[in-house]
Structures are given as C-alpha cells and as structure tokens.
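Here are my notes on this model, for someone opening it for the first time. Please read them with the structure in view.

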Amino acid sequence: MWLYPVSSSSSYATNFGTQVANPLARLYVRIDTDGWYIVNFEASTSSSASLKYYSGGAYSTVASWTSNSSGSYPAVLELSAGNYAFYWISSSSVLIYEANVYSL
C-alpha cells in the first residue's frame with residue numbers, strides 16, 4: 001500500500017477534468033483476496049470530501065463525507081483481487097495522517 005500527496009499542478013489533477021478540482025492524495029493498494037474491505041483515511045479538513053476510484057479510464061465516486069469532528073473517513077467496499085488507485089478529493093486543504101485498508 002502506498003499513499004502519495006498529489007499537487008494541484010500535477011498531471012493527476014488535470015486528468016479528472018472539470019468534475020474534480022482538487023485531488024489531494026492517491027492511495028495505491030493491492031488486494032490479494034476478493035471480499036469486503038474498509039478503506040479509511042485519517043484526516044483533518046473543514047470541508048466535504050470524497051473518495052474516487054480509477055478503473056477502465058474513468059473515475060467513480062465510491063464515498064462522500066461532510067466534514068466531521070472524528071477525523072476518520074471510512075468507506076466499506078466490495079473489492080476483487082487486484083490493484084487499485086483511490087483518490088482523496090477535497091475542496092480545501094487537508095492534512096492526511098494516514099490511510100489504511102482492512103479486510104472484513
């Protein structure tokens with residue numbers, strides 16, 4: 001699993017087109033076994049946020065949150081074995097402490 005910051009001036013930001021303005025982090029993860037997983041970001045932000053998944057040349061929203069005081073942003077997803085790229089999207093700056101993927 002790898003977590004990378006994404007600069008607003010990077011090519012990853014422009015790949016989203018007008019639908020997504022601020023991809024702030026991307027998480028690469030390899031899933032070895034089909035099943036249900038929790039993808040969780042620990043972050044501090046005062047704005048809403050969403051999690052997008054890249055597949056087949058398109059970005060799909062898999063979770064959205066309004067700002068919350070807990071700092072935990074979990075998404076429960078059914079994933080097949082393979083490689084995944086998830087993108088954290090927020091309309092303002094954010095401090096991401098960590099990201100984890102847990103099997104249920």
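1. Leu104 counts as exposed because its relative accessibility is 62%; exposed means over 50% relative accessible area, buried under 20%, and partly exposed in between, with a 1.4 Å probe and protein chains only. Leu104 sits in the segment after strand E8 (95-103). Strands (E, at least two residues) are DSSP runs, numbered from the N terminus.

2. This is a predicted model, where local features need pLDDT of at least 70, side-chain atom pairs count only at pLDDT 80 or more, and totals for chains, interfaces and linings use all residues. Residues are numbered from 1 along each chain as its sequence is written, and side-chain values use heavy atoms, leaving out hydrogens and water.

3. Strand E3 (residues 35-44) pairs antiparallel with strand E6 (residues 72-79) over 8 bridges. Pairing requires at least two DSSP bridges between two strands. Val39 has Ala75 as its bridge partner in E6.

4. E3 also pairs with E8, antiparallel, over 8 bridges. Here Asn40 stands opposite Asn100.

5. Strand E7 (residues 82-90) is mostly covered, with 8 of its 9 residues buried. Strand E4 (residues 49-55) runs antiparallel to E7, joined by 6 bridges. Tyr54 has Ala85 as its bridge partner in E7.

Terms used:
Helices (H or I, at least four residues) and strands (E, at least two) are DSSP runs, numbered from the N terminus.
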